[in-house]
Amino acid sequence: MCYDTSLRNLYGSRIFIEVPSMLAQEALYYAAACGQFRTEESCRIVDENCDNYLLFYVLDGMVSVTYEGRAMAAEKGRIGFVDCARLEEWGTDGKTEFLWMHLDGCNMAKIYEYILKLHGGFVFKHKNAREFQYMFKQLLAGYHPERLLSEAEKSRRIYDMLMHLMDGAAAGRGEQPLDLTYESARQFIEENIGKAISLRDIADAVNMSQYHFCRLFKKASGYSPYEYLLMARIDKAKYLLKATSIPIKNVAQQVGYLNASTFSSVFTTKVGLSPKAFRAEAA
């Protein structure tokens, strides 16, 4: 895979590469590569010597795809699913963020053809796109070194995602209330990350007591709400420090810190570099 773009456009992105075991290749579903891309400008991506399947979900902006001579644009909330052997080119149009994975596994060709026939094309809407987005993010979290899942568990989650696309009502029925609580809380945090929000604010947003909310959130994400909020703020601060030149005090304000020195202290503790040093190293 190669990118015809300035590397600065990919700051804030996460990419995971994995070599599947023989067991995974012969009996499981697996992602050879996956991640979350965030670009500030248009980005052209060419997949070379790729014989698996590309699955993506657009969080914001627009992803363009050229497939067997046919060009299509996937807007926010749409899903793309293409056979890479027939994929000519794909990329972003302007500022865009999306989840993606190159996946393969047993019986993938038949599952792929069924999903395309069901949805009428390789870019489509889904009636339960919100749940699909949650499942996608949970799977990607399992590739992070600190939360690495087994190949069998990753395979199960990929299978659940595929079944969700085949029948949106079939996947994750029993866990839906928990999933939706977590997703609603996560969205509230991201939408209000520049404000001095408290645990009570987040719990009130999902109509739950603080105690019950904390327990369910940690069960769904593996983190307490406070830990997740802190990580979200640090991640956005890293992105702003790398991709923009706005003053550090303004970065602090955009991630919910009224005091720049408090922000610098927290950032340095978590990242190991001061905001100024982090920006200089990324330049």
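**Entry 1: Gly 94**

I began with Gly 94, which lies in the loop between strand S9 (87-92) and S10. I was working with a predicted model, where local features need pLDDT of at least 70, side-chain atom pairs count only at pLDDT 80 or more, and totals for chains, interfaces and linings use all residues. Residues are numbered from 1 along each chain as its sequence is written, and side-chain values use heavy atoms, with hydrogens and water left out.

Is Gly 94 buried or exposed, or in between? Its relative accessibility is 22%, so I noted Gly 94 as partly exposed. The cut-offs are under 20% relative accessible area for buried, over 50% for exposed and partly exposed in between, with a 1.4 Å probe and protein chains only.

I then looked up what Gly 94 touches, leaving aside its neighbours within four places in sequence: Thr 39, Glu 40, Glu 41 and Ser 42 are in contact with it. Contact means heavy atoms within 4.5 Å. I also checked Gly 94 against Val 63: they are 31 residues apart in sequence, and their C-alpha atoms are 9.0 Å apart in space.

Most residues other than glycine have a negative phi. I therefore wrote down the next two residues with the general rule in mind.

Asn 107 is not a glycine, yet its phi is positive, about 65°. I found Asn 107 in the loop between S10 and helix H2 (108-119). With a relative accessible area of 46%, Asn 107 is partly exposed.

Asn 207 also has a positive phi, about 55°, although it is not a glycine. Asn 207 sits in the loop between helix H6 (199-205) and helix H7 (210-221). Its relative accessible area is 72%, so Asn 207 is exposed.

**Entry 2: His 102**

I moved on to strand S10 (residues 96-105), where His 102 is found. At 4% relative accessibility, His 102 is buried. Which side chain makes a polar contact with the side chain of His 102? I found Asn 52, at 3.1 Å. A polar contact is a pair of N or O atoms within 3.5 Å; within protein, one must be able to donate a hydrogen and the other to accept it, and residues adjacent in sequence count only if both atoms are side-chain atoms.

**Entry 3: Asn 128 and helix H3**

Asn 128 lies in the loop between strand S11 (123-124) and H3. I noted Asn 128 as buried, at a relative accessible area of 18%. Asn 128 and His 164 are 36 residues apart in sequence, and I read 8.3 Å from C-alpha to C-alpha.

H3 has 13 residues and spans 18 Å from its first C-alpha to its last, close to the 18 Å expected at 1.5 Å a residue. The expected span is 1.5 Å times one less than the number of residues. Why do I call H3 largely enclosed by the rest of the structure? Because 11 of its 13 residues are buried; among them are Phe 132, Tyr 134, Met 135 and Lys 137.

**Entry 4: pocket and cavity**

The search uses a 1 Å grid over the protein atoms alone: a cavity is a set of points where a 1.4 Å probe fits but cannot get out, a pocket is an open set with protein on both sides within 12 Å along at least five of seven lines, and lining residues have an atom within 4 Å of a point. Grid points are joined across faces, edges and corners, and a volume is the space filled by probe spheres set on the points.

The largest pocket holds about 2000 Å³ of space. Its lining has 48 residues, and Arg 14, Gln 36, Arg 38, Glu 190 and Asp 235 are the closest to its centre. H8 gives the largest share of this lining, 12 residues.

I found 1 cavity of 30 Å³ or more in the whole structure. The largest cavity holds about 40 Å³, and its lining includes Glu 18, Tyr 29, Tyr 143 and Lys 154. S3 and helix H4 (151-166) each give two or more residues to the lining of this cavity.

**Entry 5: the whole chain**

To finish, I counted 11 helices and 11 strands in the chain. Of its 283 residues, 46% are buried.

How values were computed: Helix = DSSP H or I, 4+ residues; strand = E, 2+ residues; numbered from the N terminus.
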